[in-house]
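Student: I would like to go through this model and ask what stands behind the terms used for it.

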Amino acid sequence: MRLGILDIGSNTVHLLAADARPGGRPLATTSDRTVVRLMRYLTPDGAISEEGVQALVAAVTRARTIAETERVDTLLATATSAVREALNGDDVIARIEAALGQPLQVLSGEQEAELTFLAVRRWFGWDAGRILLMDIGGGSFEFAAGADEVPEVAASVPLGAGRMTVQFMPSDPPGEDAAAQLRAHAEAVLAPVAERIMALPRPDHVIGSSKAIRSLANLAGREVTGLGFDRTVLSRSSLGSWIPRLARIPASARQELPGITADRALQIVAAAVSLHTAMTMLKIDELEVSPWALREGVLLRYTEQLSWSGQAR
């Protein structure tokens, strides 16, 4: 069957179309995304402005048209933190569903973490042992840890790159003082999650997913071979050495750096500070980057449910 996974996130509305079957590896056929950056449309009371809702509806309508062109059999539409937490979230969801012509699944932060963990586990395999996952979105920062496909700890905190840029780094460039203020805030927010994760056995592999982490790894990481495939590794020391430089230069210059795209240039400093703070608190020296994340997790969970229900036969 051809599935479409529509991820309505804080930064982008991203459609992934893939041929999939229970027990088989999904084969992506189309990937299309519209940059929205919802955090810039938040009003002081926490609602998404009318301009922001219209941008969302336009992006969703575009994705629906592409899905129809790609002859998607089933469209799985999900929304994450920005829509979930907006003061006018119910109205925004209703308008998105009207544009889609179908229901929208609004994921909790813990569900985001669990589904992303499933995707990462499937990608790295059982031989990877215990995994600790970190995933930075526009609105939230997810963590999951465990030895199986269902994590023992799954948590979400409001430390997304877009949210932290608006809150702590409104100036361009933000400067090192803003980075220090964000670090102190992140330490306080992360303390309860770090305590839960540090109570578990040490992970065999620390995995980072999301576009922000991939961008940082492309900038400051290195390529290594192992587990039967090449992968990118990002060290805490390398990431930390880049933060002062990123904080001192404007977004227009940051987007000229290796791996930093124009749509991530404004938020990449906040992402780097949040990630480095988490790695420091969790005593992580380096992490590996996963090409699979939330969208793949949604797809895998859906095909798994079809298999158990017998609908795929």
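Tutor: The model is predicted. Start with the side chains of Glu288 and His205, which make a polar contact of 2.6 Å.

Student: Why is the pair Glu288 and His205 called a polar contact?

Tutor: The side chains lie 2.6 Å apart in that contact. The cut-off for a pair of N or O atoms is 3.5 Å, so the pair counts.

Student: What joins the side chains of Glu288 and Arg231?

Tutor: A polar contact of 2.4 Å, a value that is also within 3.5 Å and therefore qualifies.

Student: Where is Glu288 placed, and why is Glu288 called buried?

Tutor: Glu288 belongs to strand 12, residues 286-289. Its relative accessible area is 8%; buried means under 20%, so Glu288 is buried.

Student: How do you know whether the span of helix 1 is close to the expected one?

Tutor: Helix 1, residues 50-69, has 20 residues and reaches 29 Å from first to last C-alpha. At 1.5 Å a residue, 28 Å is expected, and the span is close to that.

Student: What puts the buried residues of helix 1 on the same side?

Tutor: These residues are Gly52, Val53, Leu56, Ala59, Val60, Ala63, Ile66 and Ala67. They cover an arc of only 150° around the axis, and therefore sit on the same side of helix 1. Among the elements they pack against are strand 1 (2-8), strand 4 (74-79) and helix 3 (89-100).

Student: Which exposed residues does the face turned away from the buried side carry?

Tutor: Glu51, Glu68 and Thr69. Just after helix 1, Arg71 has a positive phi of about 55°.

Definitions and conventions
Residues are numbered from 1 along each chain as its sequence is written. This is a predicted model: local features need pLDDT of at least 70, side-chain atom pairs count only at pLDDT 80 or more; totals for chains, interfaces and linings use all residues. Side-chain values use heavy atoms; hydrogens and water are left out. Helices (H or I, at least four residues) and strands (E, at least two) are DSSP runs, numbered from the N terminus. The expected span of a helix is 1.5 Å times one less than its number of residues. Buried means under 20% relative accessible area, exposed over 50%, partly exposed in between (1.4 Å probe, protein chains only). The arc is that of the directions from the helix axis to the C-beta atoms. Contact means heavy atoms within 4.5 Å. A polar contact is a pair of N or O atoms within 3.5 Å; within protein, one must be able to donate a hydrogen and the other to accept it, and residues adjacent in sequence count only if both atoms are side-chain atoms.
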